[in-house]
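Please read it alongside the model.

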2 protein chains.
Amino acid sequence: MNLRDLRYLLAVAEHGHFGRAAEACGVSQPTLSVQIRKLEGQLGVALFERGGKTVAPTSACERLIGHVRAAVAEADAILAVAGSLRDPLAGRIRLGVIPTLAPYLLPLVFAPLRDALPHLEVEPWEDQTAALLDRLRGHELDAALLATDVDGPDLASQPLFAEPFLAALPPEHPLARKAMVAEAELARDILVLADGHCLRDQALAACGRSEALGGTLRAVSISTLLNMVAAGYGTTLIPALAAGAAEDAGIVLRPLAARVGRTVRIAWRAHFPRRAAIEAVGEVIAARLRGFAQGAAKGAV
Amino acid sequence: MNLRDLRYLLAVAEHGHFGRAAEACGVSQPTLSVQIRKLEGQLGVALFERGGKTVAPTSACERLIGHVRAAVAEADAILAVAGSLRDPLAGRIRLGVIPTLAPYLLPLVFAPLRDALPHLEVEPWEDQTAALLDRLRGHELDAALLATDVDGPDLASQPLFAEPFLAALPPEHPLARKAMVAEAELARDILVLADGHCLRDQALAACGRSEALGGTLRAVSISTLLNMVAAGYGTTLIPALAAGAAEDAGIVLRPLAARVGRTVRIAWRAHFPRRAAIEAVGEVIAARLRGFAQGAAKGAV
DNA sequence: TGCTCTTGATAGTCTGTGCCTATCAGGACG
DNA sequence: CGTCCTGATAGGCACAGACTATCAAGAGCA
């Protein structure tokens with residue numbers, strides 16, 4: 001049994017006439033005669049009573065035709081839905097974003113994404129790098145915005161923009177009097193995020209330490225860190241997109257002598273079939289942040 | 001797009017593995033790979049993301065799969081319903097019966113029909129011959145029990161049993177003293193049914209008249225006729241199956257000298273596809289009435 | 001009654017497609 | 001680094017579905 005046969009059956013039932021049904025189906029009349037007869041053979045029931053001039057559906061046909069209509073309607077629905085899904089720049093993209101990026105980047109790119117890709121529904125998911133990669137590999141996410149390289153042949157990625165780090169100092173800190181801070185100078189009293197944040201490792205590496213300061217601080221967000229710095233507990237190192245939040249907290253920001261920073265990139269499964277959507281999202285974000293590396297050093301976003 | 005392809009799609013989605021899905025479908029793995037890929041091409045969307053070891057449905061696939069399941073389920077329903085309709089001795093037969101036969105025959109054959117053809121639902125419809133033939137030709141009935149020959153190449157029929165006529169007389173009627181009545185003797189004061197009843201014409205023909213007695217009587221049933229006879233308004237001629245009703249009304253019945261009668265037959269459209277059901281019904285009725293022609297003359301049914 | 005028109009069925013043929021086996025390619029794992 | 005697993009690809013075969021041409025059966029009409 002075949003969907004085509006079911007359409008033929010519907011056509012004959014509707015027209016009550018093989019010739020006109022064949023015309024409606026765009027095939028020849030013998031084709032319809034043969035296929036309907038074959039269908040009757042497969043089903044084991046007569047579907048039509050062929051009289052001299054009339055073709056009338058049998059009661060068996062009437063019992064079946066509701067299901068036939070339903071099957072054909074579902075098949076049409078499949079085609080219709082597939083048609084609406086055909087646009088690679090439409091649909092939903094589940095996008096993971098690391099916590100040190102999400103609160104500062106997403107407000108910047110939401111409107112551009114909506115404008116440039118109106119049919120793409122970007123659904124953000126905030127978590128740490130390792131969790132995002134797990135979800136990405138587990139098909140729970142389609143892409144992720146990370147600040148680290150990704151490895152493994154199952155994933156691919158593309159850099160979007162460079163984000164410098166800035167020294168964040170309490171106003172009364174001695175280093176706040178300098179126009180520029182050397183990374184190593186922060187090592188003495190730097191505060192870093194909790195385990196699992198890529199920014200923690202990057203900040204420690206930047207100032208030449210391999211271990212965090214002893215202590216119980218387990219800051220889970222840059223926001224917490226900034227409050228600690230503002231209260232004079234120490235210094236820290238923040239990504240440039242968080243500059244606005246830092247200044248709002250009354251913190252002094254200084255560029256770093258070696259201009260260290262991180263590269264934000266978008267990652268996806270190598271076999272993900274809607275790569276075009278990923279690349280479009282990445283391009284919109286990159287365009288929004290273009291020239292950011294230069295401007296950020298001067299505090300402009 | 002093909003129902004087979006949809007089943008393949010469901011199998012791959014369910015197993016997440018082309019090889020095992022192919023085994024479940026009873027085809028080779030390359031067949032599935034090719035057909036799924038072809039389906040993706042037809043739909044214009046990727047359905048599965050093939051990773052190194054994993055096959056995961058895309059979001060498009062998840063959007064479509066409900067319709068796919070529905071289409072396949074409807075197709076299965078078609079097969080299941082067709083299977084249940086396959087028995088030619090099952091289903092519904094709309095059976096027309098003429099009014100001079102229905103009230104006397106149906107009570108006799110209902111139980112035998114139910115016993116012999118338990119899956120066949122015989123739905124009686126009572127009307128005069130011409131109306132029954134119209135409905136039969138118009139596919140509103142599947143068969144009809146008539147007492148006349150049918151003509152035309154579009155209809156076929158088969159005799160079931162012979163039903164003699166009996167003279168029905170008021171007890172005080174002069175003819176009631178005779179053991180047997182010659183048909184012509186009834187002509188003087190015979191009462192007949194209204195226009196359209198085949199029995200009217202047959203009764204008139206039997207006693208050699210071509211016109212009914214003048215008058216306003218338009219009896220629409222044998223029952224009315226019997227009441228008229230019982231009241232002494234005249235004589236009539238009834239089919240043997242109505243003998244019981246006549247005797248209940250206190251009417252004297254006499255066999256006819258020339259043994260005229262009618263033949264009850266079943267008629268159907270020549271192209272009606274469930275001829276087996278018709279013939280089975282006819283055979284049950286004929287069997288029930290077998291030997292009736294002889295017995296009826298003696299008043300036994 | 002016989003002619004013609006309509007309509008579905010049948011025959012013969014061709015092409016496309018679905019299936020197979022054999023083999024390749026890429027990634028995982030010891 | 002070789003081996004296994006898994007999906008993709010290639011080549012060949014067979015059948016199904018489509019076409020054209022034609023037949024057969026009824027209906028309508030002269």
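## Domains of chain A

In this predicted model, the C-alpha centres of domain 1 and domain 2 of chain A lie 73 Å apart. Domain 1 of chain A spans 3–85, and domain 2 spans 162–261. These bounds come from an automatic or database domain assignment.

## Interface of chains A and B

Chain A puts 39 residues into the contact, and chain B puts in 39 residues (heavy atoms within 4.5 Å). Interface size is often quoted as accessible area lost when the parts come together. Here about 3,400 Å² is buried between chain A and chain B, 68% of it on carbon and sulfur atoms (1.4 Å probe, summed over both parts).

Two salt bridges cross the interface of chain A and chain B (a side-chain nitrogen of Lys or Arg within 4 Å of a carboxyl oxygen of Asp or Glu). One of them joins B:Arg269 to A:Glu49, at 2.4 Å, N to O. On the side of chain A that touches chain B, α1 (3–15), α3 (29–43), β1 (48–50) and α4 (59–85) each supply at least two residues (DSSP runs; helices H or I, at least four residues; strands E, at least two). The largest share, 16 residues, comes from α4(A).

## Cysteines

The count is zero disulfides over all chains (cysteine sulfur atoms within 2.5 Å). For B:Cys61, the nearest cysteine sulfur is that of B:Cys25, 14 Å away. B:Cys61 is buried, at 1% relative accessible area (buried: under 20%, 1.4 Å probe, protein chains only).

## Basis

Residues are numbered from 1 along each chain as its sequence is written, and chains are lettered from A and ligands numbered from 1 in the order written. Local features need pLDDT of at least 70, side-chain atom pairs count only at pLDDT 80 or more, and totals for chains, interfaces and linings use all residues, while side-chain values use heavy atoms, leaving out hydrogens and water.

Terms used:
Buried means under 20% relative accessible area, exposed over 50%, partly exposed in between (1.4 Å probe, protein chains only). Buried area is the accessible area (1.4 Å probe) that two parts lose on being put together, summed over both.
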